[in-house]
Amino acid sequence: MSLKISNNGIQLLKKYGLKTTQSKTDSLLKKELKAYEAKVNKYNSKYHWNQNQFDAMVSFAYNMGSIDQLTANGARNLQDIAKKMTAYNKSGGKILYSLTRRRKAEQQLFLTPVSSSALPSSQKSQITYTTHRISGNQWGKEITGYNISGSNGYSGIFGKEIDKITLKSNQGSILYRVHQKDGAWSREITGFSKTDSGKYAGSRGTPIDGIAIKAKGIKGTLKYRVHRKSDQKWGKWITGYSRTNSSQYAGTFGIEIDAVQIGIR
């Protein structure tokens with residue numbers, strides 16, 4: 001990602017006694033900010049920043065040097081990051097009005113949703129996911145979205161049980177877990193990987209019969225459903241997240257899942 005330079009950029013350079021045109025100012029500022037964009041982009045795979053979040057983080061990094069401490073090196077969630085931002089308003093142990101005002105402005109920008117209609121398609125909320133089949137011991141192709149006809153609109157092959165799933169969003173964060181036919185829910189997963197067992201849900205050789213997914217920081221509502229192997233039917237669409245309420249997870253315990261659809265409406 002890169003910062004969107006506003007007309008206020010020229011004011012930043014004027015503080016240092018520089019005289020220049022708007023276009024030159026934008027060019028100089030963009031060049032200077034590349035190092036700070038990199039400091040924010042290194043966490044993009046974790047947080048999938050939207051444009052407002054990214055811009056706020058670059059402003060913060062430009063002032064503070066980095067966002068490592070603010071994010072606890074990527075350990076904090078987006079909500080906690082927003083809450084912590086205003087604490088960085090001191091210099092020499094004293095609260096400064098100018099820093100308080102800046103932190104509040106950055107926090108407000110960070111928490112401002114990005115209009116879906118104003119985003120290019122690559123920046124709209126999208127879920128990418130894939131499932132692993134027991135038969136053949138292989139991952140399927142990655143799927144983005146669900147409103148595509150044919151097999152490109154879901155992950156899996158009818159008649160072949162799946163035992164793992166991994167998913168990610170280009171914005172916000174995704175939390176998910178699966179219920180295995182042996183009766184156990186997996187731990188909650190936040191990552192996306194086909195090789196790192198800490199970043200996919202499920203275990204090799206044990207069929208999945210339930211899935212629970214939730215998303216934070218996306219534009220729209222996440223929904224998902226599963227296809228049952230035994231009767232070759234799709235289950236109902238789910239928008240909730242629960243391990244105990246059957247209306248808020250997809251699947252029926254004891255019945256293997258062979259395909260999954262996930263999307264945002």
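This is a predicted model: local features need pLDDT of at least 70, side-chain atom pairs count only at pLDDT 80 or more; totals for chains, interfaces and linings use all residues.
1. The volume of the second largest pocket is about 470 Å³. Its lining counts 20 residues. Those nearest the pocket centre are Ser45, Lys46, Ser173, Thr190 and Gly191.

2. Which elements supply at least two residues each to this lining? They include one helix, α3 (44–47).

3. Now the helices. α6 (residues 78–85) packs with α7 (residues 97–111), the axes coming within 8 Å and crossing at roughly 160°. Angles over 145 degrees count as roughly antiparallel, so α6 is roughly antiparallel to α7. The crossing is left-handed.

4. From α6, the residues in this contact are Leu78, Ile81, Ala82, Lys83 and Met85. From α7 they meet Arg103, Glu106, Gln107, Phe110 and Leu111. By class, the contact of α6 with α7 has six nonpolar, one polar and three charged residues.

5. α7 also packs with helix α4 (residues 51–64). Here the axes lie 7 Å apart, at an angle of about 155°. That angle makes α4 roughly antiparallel to α7. α4 and α7 also cross in the left-handed sense.

6. What does α4 bring to its contact with α7? The α4 side consists of Asn52, Gln53, Asp55, Ala56, Met57, Ser59, Phe60, Tyr62, Asn63 and Met64. Facing them in α7 are Leu99, Arg102, Arg103, Glu106, Leu109 and Phe110. The classes in the contact of α4 with α7 are eight nonpolar, four polar and four charged.

Definitions and conventions: Residues are numbered from 1 along each chain as its sequence is written. Side-chain values use heavy atoms; hydrogens and water are left out. On a 1 Å grid over the protein atoms alone, a cavity is a set of points where a 1.4 Å probe fits but cannot get out, and a pocket is an open set with protein on both sides within 12 Å along at least five of seven lines; lining residues have an atom within 4 Å of a point. Grid points are joined across faces, edges and corners, and a volume is the space filled by probe spheres set on the points. Helices (H or I, at least four residues) and strands (E, at least two) are DSSP runs, numbered from the N terminus. Axes are lines fitted to C-alpha atoms, for helices over the stretch in contact, and angles run from 0 to 180 degrees between N-to-C directions. Angles under 35 degrees count as roughly parallel, over 145 as roughly antiparallel, 65 to 115 as roughly perpendicular and the rest as oblique. A crossing is left-handed if the near helix is turned anticlockwise from the far one by less than a right angle, and right-handed if clockwise. Contact means heavy atoms within 4.5 Å. Ala, Val, Leu, Ile, Met, Phe, Trp, Tyr, Cys and Pro count as nonpolar, Asp, Glu, Lys and Arg as charged, and the others, Gly among them, as polar.
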